[in-house]
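Subject: The model you asked to see

Hi there,

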Amino acid sequence: MNTHLDHRNPLVFDTHELGRRPGAMQRLSRTIEAPKDFGIQGVIEVPAGAPVELDLRLESVMEGVLVTGTARASAKGECVRCLEPLDLEVDADFQEMFSYPDADDRGRVKAEPGDDAEDDEDRLFIEDGLFDLEPVLRDAVVLALPMQPVCQEDCEGLCSECGVRLSDQPGHHHDAVDIRWAALQGLAGTIQDGEKDEMSGAEAQAGVDEKQEK
């Protein structure tokens, strides 16, 4: 397999020091800049360029290198209840096997590498001693982030009537009016207005009659 990984990429790691010696182990710490679209787009994510702290343990096994690690970063998003911006500290744990391209899932050297194409689709490989951690890291961060982030667990959201943030105004409420009573009140008002008009008309007519009698 021809390598296409760039060793200068901060998410590409070198395994040459392990030397394909089963049992060999290496610990690494590295701070990288978050790539673009690092999280759940439109909901919450680690801003591009923000620092991401990585603590890794690389263990050599028969079939490849087992990578165990933790990523720490600060994500930004919006509360789904009150729409206020929020910050969230993220700790994402992950573990992934990066296989040697010439070894099967039991660590045995393949007679003809690449024969089991279907079995290789879901496996990640070491290429010329290098592996790319980015796809594993993306999956781990997405799984560690809440699908519906809130600014606080007891956030009450927004008032459905006026949109005010309820946590800022304890006891906020609007007098509820049953629409059926509202309709009757409107009808009563119309009747009262009609009666007033009739009374005004009657009074005016009475005044006219009184003048005529005089």
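What pattern does the protein chain follow when read along the sequence? The answer is β-β-β-β-β-β-β-α-β-β-α-α. That comes to three helices and nine strands, where helices (H or I, at least four residues) and strands (E, at least two) are DSSP runs numbered from the N terminus.

Two notes on how to read the rest. This is a predicted model, in which local features need pLDDT of at least 70 and side-chain atom pairs count only at pLDDT 80 or more, while totals for chains, interfaces and linings use all residues. Residues are numbered from 1 along each chain as its sequence is written, and side-chain values use heavy atoms, with hydrogens and water left out.

**The chain overall**

Of the 214 residues in the protein chain, 31% are buried; buried means under 20% relative accessible area, exposed over 50%, and partly exposed in between, with a 1.4 Å probe and protein chains only. The accessible surface of the protein chain is about 14,400 Å², and carbon and sulfur atoms hold 48% of that (Shrake-Rupley method, 1.4 Å probe; for residues, only the protein chains shown count as cover). Among contacts with a separation of 6 or more, 61% are between residues 24 or more positions apart, a contact being heavy atoms within 4.5 Å.

**Strands around strand 6**

Strand 6 covers residues 64-78, and two bridges join it to strand 4 (residues 44-46) in an antiparallel arrangement. Two strands pair if DSSP finds at least two bridges between them. In this pairing, Glu45 stands opposite Lys76.

Strand 5 (residues 51-60) also runs antiparallel to strand 6, with eight bridges. Here Glu59 faces Leu66, and a hairpin of three residues connects strand 5 to strand 6.

Val67 has Glu96 of strand 7 as its bridge partner. The hairpin of strand 6 and strand 7 has six residues between the strands, and in it Leu83 takes a positive phi near 70°.

**Aromatic rings**

How many aromatic pairs are there? The count is two, taking rings of Phe, Tyr and Trp (its six-membered ring) with centres within 6.5 Å; planes under 30 degrees apart count as stacked, over 60 as edge-to-face and the rest as tilted. Phe13 and Phe131 make a stacked pair, 5.6 Å centre to centre with 20° between the planes. This pair links distant parts of the chain, since Phe13 lies in strand 1 (residues 12-14) and Phe131 in strand 9 (residues 130-132), 118 residues apart. Phe13 is buried at 1% relative accessibility, and Phe131 is buried at 0%. Ring pairs join Phe13, Phe98 and Phe131 into a cluster.

Elsewhere, the charged end of Arg20 sits over the ring of Tyr100, 3.7 Å from its centre. For that label, NZ of Lys or CZ of Arg must be within 6 Å of the ring centre and within 35 degrees of the ring normal.

**Cysteines**

The structure holds zero disulfides, a disulfide being a pair of cysteine sulfur atoms within 2.5 Å. Cys155 is in no disulfide either, and the nearest cysteine sulfur, that of Cys151, is 3.7 Å away. Cys79 is buried, with 0% relative accessible area, and Cys155 is buried with 6%.

Happy browsing!
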